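Work through the exercises below with the sequence and the model open beside you, and try each task before reading its solution.

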Amino acid sequence: MDGNSGAGFAALANVLRKRPAVAPGERCDFCGEPVQPEHAHLVDLHARRIMCACRPCALVFEPQGAARGRYKPIPTRYAEVTGLALDDAAWDALQIPIELAFFFRNSAEDRTVACYPGPAGATESQLPLATWDALAGSDPLVATVESDVEAIVVQRRRAGPARCYLVPIDAAYQLVGMLRLAWRGFDGGDEARAQIERWFAALAERSRGLAAPR
Ligand SMILES: [Zn+2]
Ligand SMILES: [Zn+2]
């Protein structure tokens, strides 16, 4: 602040050196403080990005459902969705090129967005999704999905019915981010498939015992 910058600069350099090296995402995006491994996430509705929040900053945006303006807290519920009639015909109509995708409601654009994984990360489907909207209306749990902050992850399977879960949207993006590194070829390859299996196994564990949709 004053003209005596030499000592000030040395002190600042010292502080910067002492700052622990952390990967992106391990600091609160609101105040810069380090966050616990398990911390809250919010969606910045203007910039369309996920923000990490420390406990004090996350509290500013509670309770859920209050007027929150630009930042919307991401809920933490996980639940299996069992009521979607997602047969081959419905899946084909969605025109998702691979067998895994997630869907969420973009409130700013007032439409449902489909995202699927690949070597470049999440690819957004540009197709009209009237088929999905009609499907979603048939399941009471899917009807409760919160815009912008919750997603429905769906995996089509050759044997057996499609797998379908309601998840926090950060979990959906984490899955895609993880798969990006493992993705090989058009359909992902063996390693990506193994990661998807592990992810769904953990998901089944986590969503077990949740109350049935009202
Ligand atoms: Zn903070
Ligand atoms: Zn985070």
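This is a predicted model: local features need pLDDT of at least 70, side-chain atom pairs count only at pLDDT 80 or more; totals for chains, interfaces and linings use all residues.

Residues are numbered from 1 along each chain as its sequence is written, chains are lettered from A and ligands numbered from 1 in the order in which they are written, and side-chain values use heavy atoms, with hydrogens and water left out.

**Exercise 1.** Identify the protein donors of the zinc ion (ligand 1) and state their arrangement.

*Solution.* Begin with the term itself: donors are N, O and S atoms within 2.8 Å of the metal (3.2 Å for Na, K and Ca), and because water is not among the atoms, sites may look incomplete. The SG atoms of Cys28, Cys31, Cys54 and Cys57 meet this criterion, lying 2.3 to 2.4 Å from the ion. Along the chain these donors follow the spacing C-x2-C-x22-C-x2-C. The angles subtended by the four donor atoms are 103 to 115 degrees, and the arrangement is therefore tetrahedral, a class that requires all angles of four donors to lie between 85 and 135 degrees. For accessibility, buried means under 20% relative accessible area, exposed over 50%, and partly exposed in between (1.4 Å probe, protein chains only). Cys28 counts as buried because its relative accessibility is 3%, whereas Cys31, at 40%, counts as partly exposed.

**Exercise 2.** Which protein donors hold the zinc ion (ligand 2), and where do His41 and Cys52 lie?

*Solution.* His41 belongs to strand β1 (residues 40–44) and Cys52 to strand β2 (residues 49–53), eleven residues apart. His41 is buried, with a relative accessible area of 13%, and Cys52 is buried at 9%.

**Exercise 3.** Work out the strand order of the six-stranded open sheet and follow the pairing of β9.

*Solution.* Strands pair if DSSP finds at least two bridges between them. The order is β4-β9-β8-β5-β6-β7, with antiparallel pairing. The edges are β4 (79–80) and β7 (123–125), and since each has a single partner strand, one side of each is left without a neighbour in the sheet. Between β8 and β9 there are six bridges, and between β4 and β9 there are two. Tyr165 in β9 stands opposite Val153 and also opposite Glu80. Six of the six residues of β9 are buried, so this strand is largely enclosed by the rest of the structure.

**Exercise 4.** Which residues touch the most other members of the largest nonpolar core?

*Solution.* A nonpolar core is a set of buried Ala, Val, Leu, Ile, Met, Phe, Trp, Tyr and Cys residues joined through side-chain atoms within 4.5 Å. The largest has 51 residues, of which Phe103, Trp132, Ile152, Val153 and Val167 touch the most other members. Among the elements that each supply at least two residues are β5 (100–106), β8 (150–155) and α6 (189–207), while α5 gives the most, with seven. Contact means heavy atoms within 4.5 Å; not counting residues up to four places away in sequence, Val153 touches residues including Phe102, Tyr165, Leu175 and Trp199.

Definitions and conventions
Helices (H or I, at least four residues) and strands (E, at least two) are DSSP runs, numbered from the N terminus. Four donors count as tetrahedral if all angles lie between 85 and 135 degrees; four count as square planar and six as octahedral if opposite donors are over 155 degrees apart and all others between 65 and 115; anything else is irregular.
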